[in-house]
Amino acid sequence: MAETFIPRSDFLKVLSERGFIHQCSDYQGLDDKARKGELIAYIGFDCTASSLHVGSLLPIMMLRWLQKTGGKPVPLMGGGTTRVGDPSGKDESRKILTLDDIENNKNGIKQVFSHFLTFGDGKHDAIMPDNAEWLTKLNYIDFLRDVGRHFSVNRMLAMDSVKMRIDRDQELSFLEFNYMCLQSYDFVELNRRYGCILQMGGSDQWGNIVTGVDLGRRMGTEQLYALTTPLLTTASGAKMGKTAAGAVWLNADMLSVYDYWQFWRNTEDRDVGRFLKLFTELPMDEIAKLESLGGSEINEAKKILATEATAMLHGREKAEKAAETARVTFEQGQTSTDLPTITLTQAQLSQRIGVLTAFVEAGLVASTGEARRQIKGGGLRLNDEVVQDDKLLIEASHQDQNGVIKLSLGKKKHVLLTFA
RNA sequence: GGGGGAAUGUCCCGAGCGGCAAAGGGGGCGGACUGUAAAUCCGCUGGCUACGCCUUCGCAGGUUCGAGUCCUGCUUCCCCCA
């Protein structure tokens, strides 16, 4: 952010010292607004998957801080815009989702927000509109006359998201080309309906957001503002939120609390401080202490990061439990009964189960072929013993005193088998 | 409308004189080293009832003992000329 600008509002002060800010259309103007009264701000969320992943956490945290500093957060469901598809930052058009998919995705995504925001009818309570409410009612000719006339195709062509596609000779359909018009219109609509004056988002949204600010001016709203976050990558340059098993989902039914905790626990050293600021609410001086830890002591900071971040999403109790499970598993080398568990039948056990099948059932490997290869590479363990023989049969004698069998892939991934 | 290219292992990029489960990267996973980190080194990276069988190179046919590789038609994308 602008070096010369020193924010005075609580909202911008927090965001800037924690590293949330990449660009703002008018720091001073926004700061003044935030100081004067209640700031109403929105962030749009596309309904392209049935859960958000950690990549969306940054914007969600901004809404949370907004609420904590006296503003009113408006997470906007993109039920309408998702039917069009945002071309920003993508070099190929996305598959067109069916309305059913979008509706299902929306329901999945909604759940997450209640963990981070307080909803209700109060002044500072969050509200969650869906842009399908107004976008699907638009009449084409009316929209062109009232809104479309304010858009300059010349300028739209110059925008990064569009230009990139054109420069690379990649198809950009008229449908997608309209996305920014709809997003811009959302901003105006949210201003009219709720008095929302700020739109936030990732840095890839900058173009779409300022286009909305501009549209507001032309359509006679009060002054609107744009604020974006930096694109979040790990210190080694990887995109945030992708792991082997896929995305780091926020919904517990798609990624267990324990795995979520593990995701944060495995943060690179260099990222610990940055992540503590962005994804926890620990005070800055405490974070400063944690990030100054050197060598292996930084692991303590990682555990705190993991527990704090997990507590915010899944609750303190579950987070502590995940931390304890990890402690028992990694630091004492014991089998915690709270590790992810798969239940098979007693009948299956009595007929004995091939190791390969067992690891596939446990979800640790995708196929028996992969299990075979992992065995060759020494990557599979049964009750902490390296599996040598791919013909090994698992039977009752492998159960511990609690009737549990532990399967591991590598050193970090463990699944327990129980029998009912 | 005419001419010329391209589509490869369902993560991506990308080689491939008719014998190919298909070179090489990237990414990912596993191993070693560590601190559940990074860097580095090594291995693996179609499926299965597994010394065998099955399915893969845009789609559909054809030639051949044998086709990713040759021929025909189709689809999609790119380039040049109109």
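P7 counts as buried in this predicted model, at 12% relative accessibility; buried stands for under 20% relative accessible area, exposed for over 50%, and partly exposed for what lies in between (1.4 Å probe, protein chains only). P7 sits in the segment before α1 (10-18), helices being DSSP runs of H or I with at least four residues and strands runs of E with at least two, numbered from the N terminus.

As for charge, R8, K13, K33, R35 and K36 make up a positive surface patch. Such a patch takes residues with over 30% relative accessible area and no salt bridge, and joins like charges within 9 Å; a salt bridge puts a side-chain nitrogen of Lys or Arg within 4 Å of a carboxyl oxygen of Asp or Glu. Helix α2 (residues 27-36) supplies the largest share, three residues. K33 lies in this helix α2 and is partly exposed, at 31%.

Then there are the aromatics. Rings of Phe, Tyr and Trp (its six-membered ring) pair if their centres lie within 6.5 Å, with planes under 30 degrees apart called stacked, over 60 edge-to-face and the rest tilted. The count comes to nine aromatic pairs. Y42 and F187 have ring centres 5.5 Å apart and planes at 70 degrees, so they pair edge-to-face. This pair bridges distant parts of the chain, 145 residues apart: Y42 is in strand β2 (residues 40-45) and F187 in helix α10 (residues 179-194). Both Y42 and F187 are buried. Elsewhere, ring pairs tie Y260, F263, W264, F275 and F279 into a cluster.

Residues are numbered from 1 along each chain as its sequence is written. Since the model is predicted, local features need pLDDT of at least 70 and side-chain atom pairs count only at pLDDT 80 or more.

Definitions and conventions:
Chains lettered and ligands numbered in written order. Heavy atoms only, no water. Patch = residues over 30% accessible without salt bridge, like charges linked within 9 Å, V, L, I, M, F, W, Y side chains within 5 Å. Areas by Shrake-Rupley, 256 points an atom, 1.4 Å probe, with all protein chains shown as cover. Lys, Arg positive; Asp, Glu negative; His and termini not counted. Charge placed at Lys NZ, Arg CZ, Asp CG, Glu CD.
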